Amino acid sequence: MAGGLVVNQQLAATSKEVEVRCGGQRALGGTMNPFLGLLLFLATLVYSYLEAFVKLFVPARRKSVRGELVLVTGAGHGVGRATALEFARRHSRLVLWDINKHGVEDTAAECERLGATVQAFVVDCSKREEIYSAAEKVKKDIGDVSILVNNAGVITAADLLSTQDHQIERMFEVNILAHMWTTRAFLPAMMNNNHGHIVTVASAAGHFVTSFMVAYCSSKFAAVGFHKALTEELSTLGKDGIKTTCLCPVFINTGFVKNPSTRLGKILEVDEVVEALMEGILTNQKMVFVPSNQRLGLLFERLFPERALDLLKKMTDIKFDAVVGQRSTQ
(Lines give C-alpha, C1' and ligand atoms only; values in the text may rest on other atoms or scores of the structure.)
Protein backbone atom coordinates (compact mmCIF):
# COMPACT_ATOMS: atom_id res chain seq x y z
CA MET A 1 0.00 0.00 0.00
CA ALA A 2 1.34 3.41 -0.91
CA GLY A 3 2.74 5.48 1.94
CA GLY A 4 0.40 8.17 3.23
CA LEU A 5 -2.81 6.48 2.08
CA VAL A 6 -5.56 7.24 4.58
CA VAL A 7 -8.36 4.70 5.00
CA ASN A 8 -11.33 4.35 7.29
CA GLN A 9 -11.28 1.00 9.06
CA GLN A 10 -13.90 -0.71 11.22
CA LEU A 11 -12.36 -2.27 14.34
CA ALA A 12 -14.66 -5.05 15.48
CA ALA A 13 -13.13 -5.23 18.94
CA THR A 14 -14.12 -1.68 19.84
CA SER A 15 -16.98 -1.16 17.37
CA LYS A 16 -15.54 2.25 16.57
CA GLU A 17 -14.64 3.63 13.18
CA VAL A 18 -11.19 5.14 13.30
CA GLU A 19 -8.92 6.82 10.80
CA VAL A 20 -5.75 4.86 10.11
CA ARG A 21 -2.74 6.20 8.26
CA CYS A 22 -0.66 3.48 6.61
CA GLY A 23 2.96 3.86 5.56
CA GLY A 24 5.98 5.91 6.51
CA GLN A 25 4.17 9.12 7.36
CA ARG A 26 2.18 7.37 10.07
CA ALA A 27 5.33 6.06 11.70
CA LEU A 28 7.15 9.37 11.59
CA GLY A 29 4.19 11.42 12.72
CA GLY A 30 4.06 14.00 9.96
CA THR A 31 4.81 14.91 6.36
CA MET A 32 8.33 13.84 5.42
CA ASN A 33 10.59 15.85 3.15
CA PRO A 34 11.04 13.75 -0.04
CA PHE A 35 14.84 14.18 0.04
CA LEU A 36 15.04 13.09 3.67
CA GLY A 37 12.75 10.20 2.87
CA LEU A 38 15.11 9.08 0.10
CA LEU A 39 18.12 9.28 2.42
CA LEU A 40 16.27 7.28 5.06
CA PHE A 41 15.35 4.65 2.48
CA LEU A 42 18.94 4.32 1.23
CA ALA A 43 20.29 4.07 4.78
CA THR A 44 17.72 1.41 5.62
CA LEU A 45 18.57 -0.47 2.42
CA VAL A 46 22.30 -0.53 3.23
CA TYR A 47 21.61 -1.57 6.84
CA SER A 48 19.31 -4.37 5.69
CA TYR A 49 21.93 -5.77 3.31
CA LEU A 50 24.60 -5.62 6.01
CA GLU A 51 22.26 -7.34 8.47
CA ALA A 52 21.50 -10.09 5.94
CA PHE A 53 25.23 -10.58 5.30
CA VAL A 54 26.00 -10.92 9.01
CA LYS A 55 23.17 -13.46 9.40
CA LEU A 56 24.95 -15.70 6.90
CA PHE A 57 27.61 -16.33 9.54
CA VAL A 58 25.64 -15.97 12.78
CA PRO A 59 23.17 -18.75 13.64
CA ALA A 60 19.59 -17.50 13.88
CA ARG A 61 18.13 -17.36 17.37
CA ARG A 62 15.35 -19.91 17.81
CA LYS A 63 12.42 -19.25 20.10
CA SER A 64 10.97 -21.77 22.50
CA VAL A 65 7.48 -23.16 21.89
CA ARG A 66 7.36 -25.12 25.15
CA GLY A 67 3.93 -24.76 26.73
CA GLU A 68 2.44 -22.89 23.77
CA LEU A 69 -1.06 -23.97 22.75
CA VAL A 70 -0.69 -24.99 19.09
CA LEU A 71 -3.66 -25.69 16.80
CA VAL A 72 -2.95 -27.58 13.57
CA THR A 73 -5.63 -28.06 10.92
CA GLY A 74 -5.39 -31.02 8.57
CA ALA A 75 -3.41 -32.86 11.25
CA GLY A 76 -4.51 -36.35 10.25
CA HIS A 77 -1.85 -36.95 7.62
CA GLY A 78 1.05 -35.52 5.64
CA VAL A 79 2.51 -32.14 6.56
CA GLY A 80 -0.08 -31.50 9.28
CA ARG A 81 0.66 -34.78 11.03
CA ALA A 82 4.44 -34.31 10.86
CA THR A 83 4.14 -30.71 12.07
CA ALA A 84 2.08 -31.80 15.08
CA LEU A 85 4.72 -34.39 15.97
CA GLU A 86 7.47 -31.77 15.79
CA PHE A 87 5.59 -29.49 18.17
CA ALA A 88 5.01 -32.47 20.48
CA ARG A 89 8.76 -33.11 20.56
CA ARG A 90 9.21 -29.48 21.61
CA HIS A 91 6.75 -29.89 24.53
CA SER A 92 3.94 -27.76 23.11
CA ARG A 93 0.30 -28.39 24.02
CA LEU A 94 -1.65 -29.49 20.97
CA VAL A 95 -5.11 -29.09 19.49
CA LEU A 96 -5.52 -31.15 16.32
CA TRP A 97 -8.26 -30.73 13.71
CA ASP A 98 -9.01 -32.95 10.75
CA ILE A 99 -12.03 -34.15 8.82
CA ASN A 100 -10.79 -37.74 9.13
CA LYS A 101 -11.53 -39.11 12.62
CA HIS A 102 -9.19 -42.10 12.34
CA GLY A 103 -6.32 -39.97 11.02
CA VAL A 104 -6.52 -37.24 13.63
CA GLU A 105 -6.85 -39.76 16.47
CA ASP A 106 -3.77 -41.63 15.22
CA THR A 107 -1.79 -38.39 15.15
CA ALA A 108 -3.01 -37.50 18.65
CA ALA A 109 -1.94 -40.92 19.97
CA GLU A 110 1.54 -40.49 18.47
CA CYS A 111 1.87 -37.03 20.01
CA GLU A 112 0.78 -38.37 23.40
CA ARG A 113 3.46 -41.07 23.20
CA LEU A 114 5.94 -38.21 22.84
CA GLY A 115 4.66 -36.76 26.09
CA ALA A 116 2.45 -33.99 24.72
CA THR A 117 -0.97 -32.96 25.98
CA VAL A 118 -3.32 -33.36 23.01
CA GLN A 119 -6.97 -32.72 22.18
CA ALA A 120 -8.32 -33.99 18.85
CA PHE A 121 -11.41 -32.66 17.04
CA VAL A 122 -13.17 -33.81 13.89
CA VAL A 123 -13.71 -30.59 11.93
CA ASP A 124 -14.67 -30.03 8.30
CA CYS A 125 -12.71 -26.90 7.40
CA SER A 126 -14.95 -26.27 4.40
CA LYS A 127 -17.75 -25.33 6.81
CA ARG A 128 -17.51 -21.98 8.57
CA GLU A 129 -20.04 -22.94 11.24
CA GLU A 130 -18.05 -26.03 12.22
CA ILE A 131 -14.86 -23.98 12.45
CA TYR A 132 -16.44 -21.35 14.68
CA SER A 133 -18.16 -23.99 16.85
CA ALA A 134 -14.95 -25.98 17.35
CA ALA A 135 -13.02 -22.77 18.01
CA GLU A 136 -15.44 -21.82 20.79
CA LYS A 137 -14.99 -25.25 22.39
CA VAL A 138 -11.21 -24.87 22.25
CA LYS A 139 -11.29 -21.40 23.82
CA LYS A 140 -13.79 -22.41 26.51
CA ASP A 141 -12.41 -25.83 27.46
CA ILE A 142 -8.69 -25.63 26.68
CA GLY A 143 -7.53 -22.03 26.42
CA ASP A 144 -6.24 -19.39 24.01
CA VAL A 145 -4.42 -20.69 20.96
CA SER A 146 -1.05 -18.95 20.61
CA ILE A 147 0.24 -20.73 17.48
CA LEU A 148 -2.21 -21.38 14.64
CA VAL A 149 -1.09 -23.62 11.76
CA ASN A 150 -3.55 -23.36 8.88
CA ASN A 151 -2.53 -26.49 7.00
CA ALA A 152 -5.74 -28.16 5.76
CA GLY A 153 -5.96 -28.19 1.99
CA VAL A 154 -7.71 -29.91 -0.93
CA ILE A 155 -7.03 -30.14 -4.66
CA THR A 156 -8.71 -31.26 -7.85
CA ALA A 157 -6.20 -31.62 -10.69
CA ALA A 158 -8.15 -30.94 -13.88
CA ASP A 159 -8.50 -28.36 -16.60
CA LEU A 160 -10.89 -25.56 -15.67
CA LEU A 161 -13.81 -26.78 -17.79
CA SER A 162 -13.52 -30.30 -16.36
CA THR A 163 -13.53 -29.04 -12.78
CA GLN A 164 -17.00 -29.12 -11.25
CA ASP A 165 -18.46 -26.11 -9.47
CA HIS A 166 -18.56 -27.82 -6.08
CA GLN A 167 -14.88 -28.79 -6.45
CA ILE A 168 -13.92 -25.16 -7.12
CA GLU A 169 -16.00 -24.00 -4.16
CA ARG A 170 -14.44 -26.58 -1.85
CA MET A 171 -10.89 -25.60 -2.85
CA PHE A 172 -11.60 -21.99 -1.93
CA GLU A 173 -13.51 -22.90 1.23
CA VAL A 174 -10.66 -25.03 2.60
CA ASN A 175 -7.56 -23.46 1.03
CA ILE A 176 -8.30 -19.81 1.88
CA LEU A 177 -11.66 -19.09 3.53
CA ALA A 178 -10.91 -21.51 6.38
CA HIS A 179 -7.71 -19.53 7.06
CA MET A 180 -9.80 -16.41 7.53
CA TRP A 181 -12.35 -18.10 9.80
CA THR A 182 -9.71 -19.69 12.06
CA THR A 183 -7.70 -16.49 12.21
CA ARG A 184 -10.78 -14.42 13.06
CA ALA A 185 -11.57 -16.92 15.82
CA PHE A 186 -8.14 -16.98 17.49
CA LEU A 187 -6.52 -13.65 16.58
CA PRO A 188 -8.37 -11.51 19.20
CA ALA A 189 -6.65 -13.28 22.12
CA MET A 190 -3.30 -13.00 20.37
CA MET A 191 -3.86 -9.28 19.89
CA ASN A 192 -4.86 -8.80 23.52
CA ASN A 193 -1.59 -10.44 24.58
CA ASN A 194 0.47 -9.12 21.66
CA HIS A 195 1.78 -12.67 21.40
CA GLY A 196 1.20 -15.41 18.87
CA HIS A 197 2.12 -16.92 15.53
CA ILE A 198 -0.09 -17.54 12.49
CA VAL A 199 1.23 -20.05 9.97
CA THR A 200 -0.17 -20.24 6.45
CA VAL A 201 0.61 -23.45 4.59
CA ALA A 202 0.32 -22.34 0.98
CA SER A 203 2.23 -23.72 -2.01
CA ALA A 204 4.66 -22.90 -4.79
CA ALA A 205 1.38 -22.76 -6.75
CA GLY A 206 0.69 -19.54 -4.84
CA HIS A 207 3.55 -17.90 -6.74
CA PHE A 208 3.89 -19.87 -9.99
CA VAL A 209 1.01 -21.05 -12.19
CA THR A 210 0.58 -24.58 -13.47
CA SER A 211 -1.78 -25.85 -16.15
CA PHE A 212 -4.65 -28.08 -15.00
CA MET A 213 -4.61 -26.45 -11.56
CA VAL A 214 -6.40 -23.18 -12.31
CA ALA A 215 -8.70 -23.24 -9.27
CA TYR A 216 -6.03 -24.62 -6.95
CA CYS A 217 -3.43 -22.04 -8.02
CA SER A 218 -6.02 -19.29 -7.59
CA SER A 219 -6.81 -20.43 -4.05
CA LYS A 220 -3.11 -20.63 -3.14
CA PHE A 221 -2.38 -17.19 -4.62
CA ALA A 222 -5.17 -16.01 -2.32
CA ALA A 223 -3.53 -17.77 0.65
CA VAL A 224 -0.19 -16.07 -0.05
CA GLY A 225 -2.00 -12.73 -0.40
CA PHE A 226 -3.82 -13.34 2.88
CA HIS A 227 -0.51 -13.97 4.63
CA LYS A 228 1.10 -10.83 3.20
CA ALA A 229 -1.89 -8.59 3.91
CA LEU A 230 -2.32 -9.92 7.45
CA THR A 231 1.39 -9.42 8.12
CA GLU A 232 1.14 -5.83 6.93
CA GLU A 233 -2.01 -5.15 8.96
CA LEU A 234 -0.51 -6.50 12.18
CA SER A 235 2.52 -4.28 11.63
CA THR A 236 0.32 -1.24 11.02
CA LEU A 237 -1.58 -1.97 14.24
CA GLY A 238 1.69 -2.20 16.17
CA LYS A 239 1.21 -5.90 17.06
CA ASP A 240 4.89 -6.78 16.68
CA GLY A 241 4.54 -9.72 19.08
CA ILE A 242 2.36 -11.63 16.61
CA LYS A 243 4.52 -13.35 14.01
CA THR A 244 3.48 -14.81 10.66
CA THR A 245 5.02 -17.50 8.47
CA CYS A 246 3.95 -18.73 5.03
CA LEU A 247 5.15 -22.11 3.71
CA CYS A 248 5.43 -22.57 -0.06
CA PRO A 249 6.68 -26.03 -1.10
CA VAL A 250 6.70 -27.65 -4.53
CA PHE A 251 5.23 -31.14 -5.00
CA ILE A 252 5.39 -33.30 -1.86
CA ASN A 253 5.27 -37.08 -1.83
CA THR A 254 1.96 -37.41 0.06
CA GLY A 255 -0.46 -38.61 -2.63
CA PHE A 256 -2.08 -35.16 -2.62
CA VAL A 257 -1.20 -34.93 -6.33
CA LYS A 258 -1.03 -38.21 -8.23
CA ASN A 259 2.27 -39.23 -9.87
CA PRO A 260 4.05 -35.86 -9.91
CA SER A 261 7.41 -35.55 -11.66
CA THR A 262 9.72 -32.78 -12.85
CA ARG A 263 12.88 -32.74 -14.91
CA LEU A 264 14.48 -30.02 -12.78
CA GLY A 265 14.50 -30.48 -9.02
CA LYS A 266 12.80 -33.32 -7.16
CA ILE A 267 9.61 -34.37 -5.45
CA LEU A 268 9.91 -33.45 -1.78
CA GLU A 269 9.51 -35.73 1.21
CA VAL A 270 7.29 -34.64 4.11
CA ASP A 271 10.11 -34.62 6.65
CA GLU A 272 12.27 -32.14 4.73
CA VAL A 273 9.31 -29.80 4.21
CA VAL A 274 8.36 -29.86 7.89
CA GLU A 275 11.99 -29.37 8.92
CA ALA A 276 12.07 -26.17 6.86
CA LEU A 277 8.67 -25.10 8.21
CA MET A 278 9.70 -25.57 11.84
CA GLU A 279 12.93 -23.66 11.25
CA GLY A 280 10.84 -20.86 9.74
CA ILE A 281 8.48 -20.79 12.71
CA LEU A 282 11.21 -20.95 15.35
CA THR A 283 13.20 -18.15 13.68
CA ASN A 284 10.12 -16.06 12.73
CA GLN A 285 10.71 -16.20 8.98
CA LYS A 286 7.89 -14.61 7.02
CA MET A 287 8.21 -16.70 3.85
CA VAL A 288 9.58 -20.25 3.65
CA PHE A 289 10.23 -21.65 0.18
CA VAL A 290 11.02 -25.35 -0.21
CA PRO A 291 13.31 -25.61 -2.06
CA SER A 292 14.72 -22.15 -1.41
CA ASN A 293 15.74 -21.65 -5.06
CA GLN A 294 12.13 -20.67 -5.80
CA ARG A 295 13.26 -17.15 -4.92
CA LEU A 296 15.32 -17.20 -8.10
CA GLY A 297 12.21 -18.18 -10.01
CA LEU A 298 10.39 -15.12 -8.70
CA LEU A 299 13.33 -12.96 -9.75
CA PHE A 300 13.40 -14.54 -13.21
CA GLU A 301 9.68 -13.80 -13.70
CA ARG A 302 10.43 -10.10 -13.20
CA LEU A 303 13.59 -9.97 -15.30
CA PHE A 304 13.21 -12.45 -18.16
CA PRO A 305 11.11 -11.89 -21.30
CA GLU A 306 8.06 -14.08 -21.81
CA ARG A 307 9.66 -16.22 -24.51
CA ALA A 308 12.59 -17.13 -22.24
CA LEU A 309 10.20 -17.96 -19.39
CA ASP A 310 8.20 -20.26 -21.69
CA LEU A 311 11.40 -22.14 -22.56
CA LEU A 312 12.26 -22.51 -18.86
CA LYS A 313 8.82 -24.00 -18.19
CA LYS A 314 9.29 -26.53 -21.00
CA MET A 315 12.70 -27.46 -19.58
CA THR A 316 11.15 -28.01 -16.16
CA ASP A 317 8.66 -30.45 -17.72
CA ILE A 318 6.22 -30.72 -14.80
CA LYS A 319 3.92 -33.74 -15.04
CA PHE A 320 1.12 -35.19 -12.90
CA ASP A 321 -2.16 -37.03 -13.35
CA ALA A 322 -5.07 -34.74 -14.19
CA VAL A 323 -8.54 -34.90 -15.71
CA VAL A 324 -8.50 -33.17 -19.09
CA GLY A 325 -11.20 -32.79 -21.68
CA GLN A 326 -14.18 -34.01 -19.65
CA ARG A 327 -16.50 -31.03 -19.71
CA SER A 328 -18.23 -30.36 -16.40
CA THR A 329 -22.00 -30.26 -16.18
CA GLN A 330 -21.74 -28.22 -12.95
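This section describes the sheet, the helix packing and selected loop residues of a predicted model.

The sheet comes first. Seven strands form an open sheet, and the pairing is parallel. The strand order is S5-S4-S3-S6-S7-S8-S9. Strand S5 (118–122) and strand S9 (287–290) stand at the edges. Each has a single partner strand, so one side of each edge strand lacks a neighbour in the sheet. From one strand to the next, the twist averages 15 degrees. In general, strands of a sheet pair through backbone hydrogen bonds, in either a parallel or an antiparallel manner.

One pairing can be followed residue by residue. Strand S7 (residues 196–201) and strand S8 (residues 242–249) run parallel and are joined by six bridges. Here His197 stands opposite Lys243 in S8. Helix H6 packs on the sheet. H6 touches strand S3 (69–73), strand S4 (93–98), strand S6 (147–150), S7 and S8. The direction of H6 makes about 175 degrees with that of S6. Helix H9 (residues 294–303) also packs on the sheet, where it touches S8 and S9. The direction of H9 makes about 100 degrees with that of S9.

Helix H6 (residues 165–193) also packs against helix H5 (residues 128–141). The angle is about 30 degrees, and the axes are 10 Å apart. The two helices are therefore roughly parallel, a class for angles under 35 degrees. Their crossing is right-handed. On the H5 side, the contact is made by Arg128, Ile131, Tyr132, Ala135, Val138 and Lys139. On the H6 side, Ala178, Trp181, Thr182, Arg184, Ala185 and Phe186 take part. By class, this contact of H5 with H6 has eight nonpolar, one polar and three charged residues.

H6 has a further helical partner in H7. H6 and H7 pack at an angle of about 15 degrees, with axes 7 Å apart. These two helices are therefore roughly parallel to each other as well. H6 passes H7 in a right-handed crossing. H6 contributes Ile168, Met171, Phe172, Asn175, Ile176, His179, Met180, Thr183 and Leu187 to the contact. H7 contributes Ala215, Tyr216, Ser218, Ser219, Lys220, Ala222, Ala223, Phe226, Leu230 and Leu234. By class, the contact of H6 with H7 has 13 nonpolar, five polar and one charged residues.

Helix H7 (residues 214–236) has 23 residues. H7 reaches 33 Å from its first C-alpha to its last. This is close to the 33 Å expected at 1.5 Å a residue. Just after H7, Gly238 takes a positive phi of about 75 degrees. Gly241 lies in the loop between H7 and S8. Beyond residues up to four places away in sequence, Gly241 touches Asn194, His195 and Gly196. Gly241 and His197 are 44 residues apart in sequence. In space, their C-alpha atoms are 8.4 Å apart.

Another helix pair consists of helix H3 (residues 78–89) and helix H8 (residues 270–282). H3 and H8 pack at an angle of about 55 degrees, and their axes are 9 Å apart. The two are therefore oblique to each other. H3 passes H8 in a right-handed crossing. From H3, the contact involves Gly78, Val79, Ala82, Thr83, Glu86 and Phe87. From H8, the contact involves Val270, Val273, Val274, Leu277, Met278 and Ile281. By class, the contact of H3 with H8 has nine nonpolar, two polar and one charged residues.

Two further loops carry backbone features. His91 lies in the loop between H3 and S4. Phi of His91 is near 65 degrees, a positive value in a residue other than glycine. Pro291 is placed in the loop between S9 and H9. A cis peptide bond joins Val290 and Pro291, with omega about 0 degrees.

Notes:
Residues numbered from 1 in each chain as written. Predicted model: local features only at pLDDT ≥ 70, side-chain atom pairs only at ≥ 80, totals over all residues. Heavy atoms only, no water. Axes fitted to C-alpha atoms, helices over the stretch in contact; angles between N-to-C directions. Helix = DSSP H or I, 4+ residues; strand = E, 2+ residues; numbered from the N terminus. Parallel < 35°, antiparallel > 145°, perpendicular 65-115°, else oblique. Left-handed = near helix turned anticlockwise from the far one by under 90°. Contact = heavy atoms within 4.5 Å. Nonpolar A, V, L, I, M, F, W, Y, C, P; charged D, E, K, R; others polar. Pairing = 2+ DSSP bridges. Expected span 1.5 Å × (residues − 1).
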